[in-house]
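Please keep the sequence and the model at hand while reading.

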Amino acid sequence: MNARIAQWSGLATVLILILFWIISVWWSSEPEIVDITEIAQPHQEVTGYPTTSALIFVAETLLNKPGGYLANDKLPPSVFMDNMPAWEFGALEQVRDLALAMRKDFSRSQSQSQEDIDLKVAQPQFNIDHYSWAWPSAEGEYQQAINALKRYRTRLTDENQADGQFYSRADNLKDWLKEVEKRLGSTSQKLSSSVGKNSLNINLAGDINANQSTITPMQTMVKTSWWKIDDVFFEARGTCWALLHFLKAIEKDFASVLAKKNATVSLQQIIRELEATQETVWSPMILNGDGFGFLANHSLVMANYVSRANAALIELRELLSQG
């Protein structure tokens with residue numbers, strides 16, 4: 001009798017593990033890229049509507065994709081998953097940056113103008129700890145932020161309310177792109193560190209009078225932990241996925257600004273590089289081959305696309321700075 005109970009218990013355990021594995025594979029599927037013109041209907045010609053719609057879409061995807069929002073889950077199988085939570089964090093960082101830019105730049109005509117009433121609510125709620133699961137939960141705060149964004153988007157289309165505005169100016173776009181540039185630069189560095197490299201200290205380069213708080217070595221070894229390589233990779237995938245949708249929306253909202261600066265093709269090149277980061281990963285695991293070794297290094301391939309997108313981003317920002 002005891003042997004039979006042990007057999008049935010073992011079989012049940014195996015079946016549960018298989019079920020958890022199937023669910024994990026399903027929940028780990030990354031969302032598809034969507035057409036901005038579809039999610040910005042029926043007001044895609046209203047300035048600011050595409051960008052706001054893209055922000056809402058990305059934020060809602062974090063909550064509504066298969067498995068929902070996983071980063072703060074405390075139960076199996078999601079508690080054992082790390083790739084999708086890393087992807088979520090990459091996308092969330094872009095959501096936070098754009099929400100802040102909309103609050104302090106895109107929705108304001110000048111530095112002395114008042115903040116938008118709904119963006120003032122939405123932006124801080126995206127900044128709750130993404131691991132928070134109790135009161136308040138990350139999902140609850142993000143949903144409230146999305147609701148505020150929807151109210152703001154509604155006011156953009158209401159001709160009877162002049163307090164809801166989105167200003168597509170070159171200086172606004174340039175300021176947000178500067179933040180994106182920093183994010184991509186950091187992402188590229190973390191990806192490149194998968195194989196380890198000796199880095200020289202260039203923290204004070206370019207200014208002979210510059211100082212820093214404490215002394216740091218002139219040369220350091222930078223290497224991502226073997227356990228974190230796949231997390232960094234999928235965080236970069238989430239970052240690029242979200243940014244891809246935002247830039248496609250920016251292309252519509254800032255069409256006249258980009259055309260005047262002859263910068264449309266530069267933005268399109270950035271979008272093309274980011275699209276390459278979303279190609280299907282056929283390998284069952286993220287490989288970490290060394291340089292020109294026998295095995296591939298998925299992180300270095302991703303870093304190449306991110307670096308090229310960042311270089312094109314710098315050129316775009318320089319074009320926008322020109323008179």
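## Helix H8 against helix H11

H8 and H11 pack with their axes 10 Å apart and at an angle of about 30°, where axes are lines fitted to C-alpha atoms, for helices over the stretch in contact, and angles run from 0 to 180 degrees between N-to-C directions. That angle makes H8 roughly parallel to H11, since angles under 35 degrees count as roughly parallel, over 145 as roughly antiparallel, 65 to 115 as roughly perpendicular and the rest as oblique. H8 passes H11 in a left-handed crossing; a crossing is called left-handed if the near helix is turned anticlockwise from the far one by less than a right angle, and right-handed if clockwise.

On the H8 side the contact is made by Ile229, Phe233, Ala236, Arg237 and Cys240, and on the H11 side by His298, Ser299, Met302 and Val306, contact meaning heavy atoms within 4.5 Å. The residues of this contact of H8 with H11 divide into six nonpolar, two polar and one charged, with Ala, Val, Leu, Ile, Met, Phe, Trp, Tyr, Cys and Pro counted as nonpolar, Asp, Glu, Lys and Arg as charged, and the others, Gly among them, as polar.

## The model and its overall make-up

This is a predicted model, in which local features need pLDDT of at least 70 and side-chain atom pairs count only at pLDDT 80 or more, while totals for chains, interfaces and linings use all residues. Residues are numbered from 1 along each chain as its sequence is written, and side-chain values use heavy atoms, with hydrogens and water left out.

The secondary structure of the protein comes to eleven helices and two strands, where helices (H or I, at least four residues) and strands (E, at least two) are DSSP runs, numbered from the N terminus. Read along the sequence, the elements follow the pattern α-α-α-α-α-α-α-β-β-α-α-α-α. Of the 323 residues in the protein, 44% are buried, a term that means under 20% relative accessible area, with exposed meaning over 50% and partly exposed in between (1.4 Å probe, protein chains only). Among contacts between residues at least 6 apart in sequence, 74% join residues at least 24 apart.

Helix H8 covers residues 229–253, and at 1.5 Å a residue its 25 residues should span 36 Å, which agrees with the 36 Å between its end C-alpha atoms; the expected span is 1.5 Å times one less than the number of residues. Because 22 of the 25 residues of H8 are buried, this helix is largely enclosed by the rest of the structure.

The axes of H4 and H8 come within 7 Å and cross at roughly 40°, which makes H4 oblique to H8, and their crossing is right-handed. The residues that meet include Trp87, Phe89 and Leu98 in H4 and Phe234, Trp241 and Phe246 in H8. By class, the contact of H4 with H8 has eleven nonpolar, five polar and four charged residues.

## Helix H10 against helix H11

Helix H10 (residues 264–276) and helix H11 (residues 298–321) have axes that come within 9 Å and cross at roughly 165°, which makes H10 roughly antiparallel to H11. The crossing of H10 and H11 is left-handed, and among the residues that make the contact are Leu267, Ile270 and Leu274 of H10 and Ala309, Ala312 and Leu316 of H11. The residues of this contact divide into ten nonpolar, one polar and two charged.

Ser266 has its place in helix H10 and is buried, with a relative accessible area of 16%. Leaving aside its neighbours within four places in sequence, Ser266 is in contact with Leu316 and Leu319.

## Loops and a buried glutamine

Two peptide bonds are cis, with omega near 0°: the bond from Pro76 to Pro77 and the bond from Trp135 to Pro136. Pro77 is found in the loop between helix H3 (49–64) and helix H4 (83–106), whereas Pro136 is found in the loop between helix H5 (119–125) and helix H6 (138–157). Asn262, in the loop between helix H9 (255–260) and H10, has a positive phi of about 55° although it is not a glycine, and is exposed, with a relative accessible area of 64%.

Gln123 lies in helix H5 and is buried, with a relative accessible area of 9%. Not counting residues up to four places away in sequence, Gln123 touches Ala99, Leu100 and Arg103.
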